[in-house]
Amino acid sequence: MSVTPVSQFNSNPNNMKRKILATAALGSAAAFGVICHKQGFRVSKLSQTPVKDWAIFKIKDKTLKIEEKEVLGLAGGSVAGGLVGGALFDDKKNFKPKLQEALSQLLGNVAVPIFCVGQTSKFYKKHEEDILKHVPTIKGENKGFVKYANRALKAIPPVGLTAVSLGVGIVAGNKVSNFINEKVSGKKVEREIRGTDFAPHVDDLCLAITLMAPGTPVGEVIAKTIPFFLTVPGYQTGIAGTNSSQG
């Protein structure tokens with residue numbers, strides 16, 4: 001009985017990518033299941049619950065919280081799944097870059113940016129009244145327009161602070177993870193920031209939308225997509241080091 005060499009998995013890069021995506025999604029789904037269980041949604045009872053009432057689909061009732069610690073948990077599950085997929089379906093020689101990417105994803109793209117946004121959010125909430133005193137207001141006869149215009153003006157400070165702190169966090173996190181990877185590997189690491197690095201921060205987009213349009217279900221709808229977006233860190237981890245992931 002012959003054993004297929006691991007290197008032969010790379011004969012079809014797209015197939016390998018699909019398998020790694022699947023393991024990253026499974027890791028994220030497992031973490032999401034744990035979160036649901038802790039918040040009172042019993043995964044074991046899914047078969048007895050109408051699909052429209054599943055936690056991931058409930059929109060009007062904000063029954064499922066996905067905040068900082070939940071994002072960290074989902075990202076951790078996704079990255080773990082991506083590492084497993086990379087180990088199973090890619091050459092062993094590419095595993096070291098995957099470990100480096102795992103650190104970059106968890107520390108650089110999730111933990112440090114979330115810390116920066118969280119601290120900024122606390123600062124804003126503490127000084128909200130003083131900050132909003134300096135925001136101009138519009139007066140006019142068109143009450144509907146004036147209402148939404150003033151709401152938009154008041155949203156500028158928190159949305160701007162969120163965007164700036166997120167950008168600073170991602171840049172700082174990238175530098176910190178590069179530094180640690182350099183110390184561990186003993187080689188120069190110059191991982192540049194990618195567009196996919198912003199995928200774990202859909203929750204910050206939800207925050208901005210909520211501030212701009214409070215009371216609307218838009219932010220809640222987007223919040224439900226967070227587990228899906230958090231599959232990206234695991235996928236990027238799993239394909240790191242492969243020839244097909246370059247460029």
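At what angle do helix α1 (residues 13–38) and helix α8 (residues 231–239) pack, and how far apart are their axes? The angle is about 140 degrees and the axes lie 8 Å apart. The model is a predicted one, in which local features need pLDDT of at least 70, side-chain atom pairs count only at pLDDT 80 or more, and totals for chains, interfaces and linings use all residues. Residues are numbered from 1 along each chain as its sequence is written, and side-chain values use heavy atoms, with hydrogens and water left out.

Helices are DSSP runs (H or I, at least four residues), numbered from the N terminus. Axes are lines fitted to C-alpha atoms over the stretch in contact, and angles run from 0 to 180 degrees between N-to-C directions. Helix α1 contributes K17, I20, L21, A24, A25 and S28 to the contact, and α8 contributes T231, G234, Y235, G238 and I239; contact means heavy atoms within 4.5 Å. By class, this contact has 6 nonpolar, 4 polar and 1 charged residues (Ala, Val, Leu, Ile, Met, Phe, Trp, Tyr, Cys and Pro count as nonpolar, Asp, Glu, Lys and Arg as charged, and the others, Gly among them, as polar).

Helix α8 also packs with α3, at an angle of about 155 degrees and with the axes 7 Å apart. That angle makes α3 roughly antiparallel to α8. On the α3 side the contact is made by K98, E101, A102 and Q105, and on the α8 side by P233, Q236, T237, G238 and I239. Its residues comprise 3 nonpolar, 4 polar and 2 charged.

Helix α3 (residues 95–132) has a further partner in helix α2 (residues 68–89): their axes come within 10 Å and cross at roughly 170 degrees. Helix α2 is therefore roughly antiparallel to α3. Among the residues in contact are V71, L72 and V79 of α2 and L99, L106 and I114 of α3. The contact divides into 13 nonpolar, 4 polar and 2 charged residues.

Aromatic rings remain to be considered. A search of the whole structure finds 0 aromatic pairs (rings of Phe, Tyr and Trp, the last by its six-membered ring, pair if their centres lie within 6.5 Å).

Technical notes: Helix = DSSP H or I, 4+ residues; strand = E, 2+ residues; numbered from the N terminus. Parallel < 35°, antiparallel > 145°, perpendicular 65-115°, else oblique. Phe/Tyr/Trp six-rings, centres within 6.5 Å; stacked < 30°, edge-to-face > 60°.
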